[in-house]
Structure formats: structure tokens, C-alpha cells
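This briefing is meant for someone meeting the structure for the first time. Please look over the sequence and the 3D view below before reading the points that follow.

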Amino acid sequence: MAEDKTNLLEGLGEHSLSHWQKAWLRFRRHPFARWAGSILIILYLMALFADFIGPYPEAKSFRKLQFAPPTAIHFKTETGKLVRPYVCKVKRTRNLQTFKLEFKQDCNKHYPIYFLVHGFPYKFLGFIPMDLHLFGGPWVMSGKAHIFLWGTDDFGRDLFSRIWFGGRISLTIGILASMVALLLGITLGGISGYFAGQEMHLIRGFLHFPSRSELASEGAAAFRRVFSESSLVRGWRNAVYEGQVSGYIVGLVFQYAFWILSIVVVVITMKGFLSISTGLELAVAILVFGGLLLYMFWALVFGELAVDIDELIMRSTEVLAAIPGLFLLIILSGMLAKYDLPSATRFMLVLSILAFVSWGGLARTVRGFVLQLREMDYAQAARALGAGDWRILFRHLLPGILGYLIIVVSLAMPGYILAESSLSFLGLGIQDPASSWGLLLSKAQQGGMTALRDRPWLLFFPGFFIFVSILAYNYLGDALRDALDPRAEQH
Amino acid sequence: MTAYIIRRFIHLIPTFLGATFLAFLIIQLAPGDFVTRLEMDPSYNHEQIENLRHLFGLDQPFTVQYAKWLSGFLKGYLGISLSYQTDVWQVIKPRLLNSLVLVTLSILFIYVVSIPIGIYSALHQYSWGDRFWTTVAFIGLAIPNFFFALLMLYFALYLKDVFGHEIFPIGGMRSLYIAGLDFYSAPKWRQWLDILWHAVLPVIVSGTSGTAGLTRVMRTQMLETKMQDYVRTARAKGLPERVVIYKHILRNAIIPIIASIGFLLPDLFGGAGLVEVVMGWPGLTPLMLDALFSIDVYIIMGSIAISVVLLMIGNLLSDLLLAWVDPRIRYS
């Protein structure tokens, strides 16, 4: 009897899994998801505890130990006795035969490595003063010997420490940039999809009347209708009907301000252009600018010009997509790199650039989904219940594509990490003394192609971390797609 | 069809205007202009600098500068470069050709490698070979181009150390000498051979991520086509397996892959760009980077305008090809 009861409960439990629980099950079934997730968590933790893990502060440099190779860690004394791991003092000398710099170990004195030792002070999480480090020894602070697990860079800074500090930037910039891009993409894509097909007035000419044929068909009453049917009046009537009078007036002010501003810009451009042109160019310019101005005046007075806001936004994304991504990235950051900025500002700047370059694709995706969803019965039902446009869009439609958004973002994440590291690699992103993996990698080629051979640690370590984080995000995105795609539920 | 093509062409005009205007706007973000650099140079006095400003129209509002640039572009004149002291087209042309060599070879590489692998993976789904190639594809997608390029250079250096001479060249696009002769006085075919030899590693690097992506697409396409009814019919009527695979499955699966060639372009342009920088291939991107540092406006604008045009034409051709081979895609 008792057995039956438990069976019954089990059956119930299996069938009442929620959408997210099922997704979680599917996610865990993915062969690499758990690996990718754990690796990412480890990387993020290491970056968070960078001060603790690295024996040196981010910007601590040893001028005499530039490009020092990884410090050898000894486990045995010269006589072969097993002792606590120790390092030797390293000195840089110039080989008088080859004129190359060489690093020589001086093992007269041993410097044993201890764990959880006091060292350079830092502020844990930015506000708790601490000086505990994962490994090191009293000799780290005094500089009697050094421990560079993964060598040093061009300023003699410890690469091991800088990798973890760099990870903070390289790993977070992707998340933050994708959040900003997502915000832009959702808002613009949502508006674009939801209001597709509705016209937004760019200008209502104050003397715009219905056409002559329309009036003729109306007969005797036509004359009186001239004023009651002008574009402004019609718009007003619509606004009153929909209870959006203030919006209508603000829109009207914006329309006229925009239009008059455009005319001023065109006039200034025309004046400047005509003053430096001659011959055929002058003639064509007069025609083009004249035509443009005439049209603008005509539109201001008699015209009625409306655009589909969807068209407008989608055209902007097309414009963004028309410039090769790398070129857009490098001209934006190349121009802004001319300013001397503190590293926190530069971080925000790189972040915004990444978001600006990439919101178009997200907006297109969101628009596609919203276009589909707004025709759904539940959207119609919400409208019938009297919900406003914005409420329907943000409370009913966008939550419906949450799963897709998670997929899209996780698939986009490797792109952001890649873009940041490319920019920093080219010297246009994060700059010294801050560190990021791309910036660290750019030191590998410093001093020509053959420099790679002499200091491979500068190539392999930063490159490896960029590669691993992108690979892990790729697998994670793949797993999330398998888990959250509703089409997967049938299988 | 003709009406569709014309409409698409007209569609391109505002996109082109918007893209070039955006680029122009971005260049204005930098402090100063490219004459500012000369103010430090004692060989120019204040008056000369003002003259230069006037000559290049830099004292005009930037909308005027843009209009002037646009009018020049329409006449086929890209302006003058201050750093190179010559016509921009003369600077860009050789660089553009170099980049196109790399991009064309990469496209060839991508198709030649990814299609057979995609077919193999689809025909042996879930076999060890398939799993191996899936993993390789994931690694190929994840490895950053510039890191891979550095690894390849390291590899080339290693080979040189082992064999005592260069198996693969270490960066660059041409050798200084071919068989004792100066590069440009060597026979044409040897020049091309030399360039091809230099292109091997850059092409592998810039083609890798594209290959990885296309392999996956090819595999999915093949798997989907394999399930179609007409394939079962072909088998049922007793056709040999070879004919079923190559005539019925492959031909249908491969159409969209071939037609989507233009969509590869943006990624290739970017990917090849970083490879050019790392491997010292004298293409468009290194030129752009140099121009960025000296705010050589017309070089930047010229490169961007040309790449925008190339990209738009590539996309258009792809769209048309797709519409042409697949009647299900309607011209809307």
C-alpha cells in the first residue's frame, strides 16, 4: 500500500516539471555544459581574487628584469635531498659573445615558498585592506628574490599576477557590453517590431490640405472642409481621440525643431560647398542643394511626411552592418584613443563601443520575435483588456522571448571577449598600466617577428586564457540553446 | 526579377550614404585634425598650416567636408593623403589588391575544406570521425585569429630552427629576392608562386573560423536533406548509394552554401584584417591603422567606402544567387 503511494507521488513529480526545470535537466545532459560552466566559474573566481592569488600588485614593475622567463621552482637541493619548494635569485647579464641578455640563477641561497603569507598590501574587493597572498615568502616584499611563475613582460611585471588582473577586464567587459547592447537591442528592436506598420509623422505641413480630387468628390461642403481636414487638424483630432494631446504637441515641437535645424544645416553646407566649388561641380551642387532646400520648404509648408519607425530603425542597423565590423571598431576606438583618459573611463568607453557596434544584430532578432508574438492571441487579449502599447510590449511580449534572449546573449558573449581582446591587442582598447588579456598578448610580438621565439610565455599564457574563455562560452551557449529552445521539447 | 534587382540597387544608396556619413562623423570625434600634427613641426609656420587647412577644406564645417568628399567619390576621386603626399587611390589600390588576394584564397580554402568535411560528418553521424571534426570545428571557432596567427608564426620559426631554412615564410607577402634575382625582375610566375607561398599560413589562419562554421552548416544541411522523401524514393527505386549521395543529397544540400558566399565577406574582412596586422601582410587594415594614428582622413574614408561597396555588392549577389537557386525565396 505504502509502495503504491510513493509511486503515485513519483509520477506526479515527473509530470509537473516547470519549463525552467526541464531546461535545467536538458542543460545538465549536454556533454560539455558542466565542464564549460565550471571552467568559467573558476576563471571568474580567480579574477575576483586576483590580488590574493597573484604575489605582486598589478602595476609593480622590476625594470632590471624585463622579459624574464618563468622562474624555475626547485624541489630538491643540489645534493638531491627533497626539501620545501624554493626559488633562486635570478640575475640578468649580457652574454659578451652573443650580446644577448641572459638570466642566470644564483642558487647559493634558497628562498623557500610558503603558502598564505603576508605580502604586498591590497584592498580586497576594493575596500577591505589585506595583505594575504596565496603563495610567496618574506623575500617577495623585500625583493631579495622574485617569483615569476609565468615570466615577466616588457616592464618587468609579473605575468602570472597580471593575467588574473587582466581577467577582471576581459571577462566582465563581455557581460557588461552585452547587457548594454541587449538593452539597446531590446528597446529598439521591440519598438521596431511592435510598431511596424504604424506611421510616425516626420512633419505635418501647416498648410497641408487634402488633395483637389478628394475635395471635388465631396461637393459643396468641400470648401469648409479645407481647414477641418488639414494635416495638423487631423493629427489633433486623432490625438484627442486617443487621449495623447500632450504627446502630440511635444511631437509637433520636435518635428518643427528638427526640420528647421535640418534646413539650417543644409544651408550652411550649401554655402560652404559652393564657395569652394567650380565648373560642373558647382552647377550640379546648385541643382542638388537647391532641390533639397525646395523640397524641405515645401514639406514644411504644404507637405505631410510620415515614416514607418520600424523602417527607420532597421535602416540604421543596416547602415551599421554595412561597415565591416573590425573597421567600425578600430575607427571608433582609434579616434577616441587620442584622448588621454583614466583607465576606468577607458573601460567604459571600450564597453560602449562594443555595445554600439553590436546592438543591430540583437535588435533584428528581437524585432523578428516581436513581429511574430504581437499577432498572438494573448497579445490581442491584453489589448482587449485595455493594456497600453508599452505594457503589452514590455510585460507580455518581451518576457515571451526571454529564453531566446539568453541564447542570443550567451552565443554573442565570445564575440565580445574576442572584440575586446582584438582592440586591446591592436593598442586601441585597454591600455597600460591596466591589463587585459589582449593587451598582454600584444607584448608577445614586441620587437619583431622573432621575439616570439625568445619569450614564448608572453604568447602562450594570455592567448590560452582568451582561447579557453571563448571556447567555454561557446559550449555554454550551445548547451543553453539545446536547453532553452522550445523546439527541443518535442524531442 | 529585373525590377527586384533595380529596387535592391536603389536600396543600397541610402545605406551607402548613411555608412560613409557615420564613418565621417566618427573621424570628427578625434581631437584636432591631421594638420594639427604639423603644428609641432618647425619646418611649417603658422601661415602655411592655415593655408593647408584651407586647401583641404578643414576650416569648413564638417558637413561641407563630407559633401566635398562625396562629390569627389562620385567623380572617382578619393582625395589626397597627407602622410603619403599622393592621391589616395594610388595608396589604397595595391593594398586593396593584397587584401583581396588573401580574402579570395581564404574563401577558396573555406569551401574546399569545409564541404568534404561536412559531407563526411553527415554521412557518418556520431562516428568518431564526426566527433573529432565537431571538436575541431569548436576549437576553430574559439581560437582568436590574432592568437592563431601568432601561433603559426611561432610554428614557422620553430620549423626554421629545426630545418635550418624557412619552410614557411615568417610574415610578409613577398621575398626580397627570388633565386638571386630582385623580386620585381623575377619572372611573373615565380612572383606569383612566391606570393602564394607567403599566403599559405595567413590563409589557413583567416580561413579557420569560416571553415569551422561552414562545416557545421554543411553537416546540418546534409542531415536535413538526407531525411527528405525524394531521397527515400531514390533509394527505393534501387539507385546505387553513390548516386543517391552525390546526385540527390549533395546537390540539394550544397546550393544554399554556395549561394551564401557573400555573407562570409564581413567576417573575412575583419578576420583577415587582424591576420594582416600580425603576419605583416600589407593589406588594407594595416594601412587603416597607420592612417588612424595620423588622422589621415581621406585614407580612412577611402578604405571604408571601398569596403562598404564591396560588402554591399557581395551581399546583394548572395541574395540574388539565393533567390535564383531557391524559388521558395520570394522577392518581397
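With 15 other C-beta atoms within 10 Å, W197(B) counts as partly exposed, a value that comes, like everything below, from a predicted model.

**Places in chain B**

- W197(B) belongs to helix 7 of chain B, which covers residues 188-226.
- Between W197(B) and L310(B) there are 113 residues along the chain, and the C-alpha atoms of these two residues are separated by 26 Å.
- Helix 8 of chain B, made up of residues 229-236, lies largely in the open, because the number of buried residues among its eight is zero.
- Just after helix 8 of chain B comes G238(B), which takes a positive phi of about 85 degrees.

**Chain A as a whole**

- Chain A is built with 20 helices and seven strands.
- The radius of gyration of chain A is 32 Å, whereas the globule rule gives 23 Å for 491 residues, so the chain is more spread out than a compact globule.
- Taken along the principal axes, the box filled by the C-alpha atoms of chain A is roughly 120 × 95 × 40 Å.
- Of the 491 residues in chain A, 34% count as buried.

**Strands of chain A**

- One open sheet of chain A has three strands in the order 1-2-3, and their pairing is antiparallel.
- Strand 1 (74-76) and strand 3 (101-112) of chain A stand at the edges of this sheet and have a single partner strand each, so one side of each is left without a neighbour in the sheet.
- On average, and with direction ignored, neighbouring strands of this sheet are turned by 40 degrees against each other.
- Within the sheet, strand 1 of chain A pairs with strand 2 (residues 82-94) of chain A in the antiparallel sense over two bridges, and K76(A) has L82(A) in strand 2 as its bridge partner.
- Strand 4 (residues 114-124) and strand 5 (residues 128-136) of chain A run antiparallel and are joined by seven bridges.
- These two strands, strand 4 and strand 5 of chain A, form a hairpin with three residues between them, and in the turn L125(A) has a positive phi of about 55 degrees.
- Two residue pairs illustrate this pairing: Y122(A) has M130(A) in strand 5 of chain A as its bridge partner, while F115(A) stands opposite F135(A) in strand 5 of chain A.

**Helices and a loop of chain A**

- Helix 15 of chain A, residues 377-384, lies largely in the open, because the number of buried residues among its eight is zero.
- Helix 15 of chain A is followed by G386(A), which has a positive phi near 95 degrees.
- P324(A) sits in the loop between helix 12 (309-322) and helix 13 (325-336) of chain A, and this residue counts as buried because it has 25 C-beta neighbours inside 10 Å.
- Although P324(A) and I309(A) are 15 residues apart in sequence, the distance between them in space is 25 Å, C-alpha to C-alpha.

**Where the chains touch**

- The contact between the chains takes 50 residues from chain B and 45 residues from chain A.
- On the side of chain B that touches chain A, the elements that give two or more residues include helix 3 (62-74), helix 5 (128-142) and helix 12 (297-325) of chain B.
- Helix 1 of chain B gives the largest share of the side of chain B that touches chain A, namely eight residues.
- By kind, the residues on the side of chain B that touches chain A divide into 38 nonpolar, eleven polar and one charged.

**The nonpolar core**

- The largest nonpolar core has 174 residues, and those with the most contacts inside it are A149(B) and I300(B).
- Helix 20 of chain A, residues 457-484, gives the most to this core, with 16 residues.
- Leaving aside residues up to four places away in sequence, A149(B) touches V205(B), V275(B), V278(B) and M279(B).

Note on methods:
Residues numbered from 1 in each chain as written. Chains lettered and ligands numbered in written order. Predicted model: local features only at pLDDT ≥ 70, side-chain atom pairs only at ≥ 80, totals over all residues. Buried ≥ 20, exposed ≤ 12 C-beta atoms within 10 Å, placed from the backbone. Helix = DSSP H or I, 4+ residues; strand = E, 2+ residues; numbered from the N terminus. Rg over C-alpha atoms; globule rule 2.2 N^0.38 Å. Contact = placed C-beta atoms within 7 Å. Nonpolar A, V, L, I, M, F, W, Y, C, P; charged D, E, K, R; others polar. Core = buried A, V, L, I, M, F, W, Y, C linked by C-beta atoms within 7 Å. Pairing = 2+ DSSP bridges. Axes fitted to C-alpha atoms, helices over the stretch in contact; angles between N-to-C directions.
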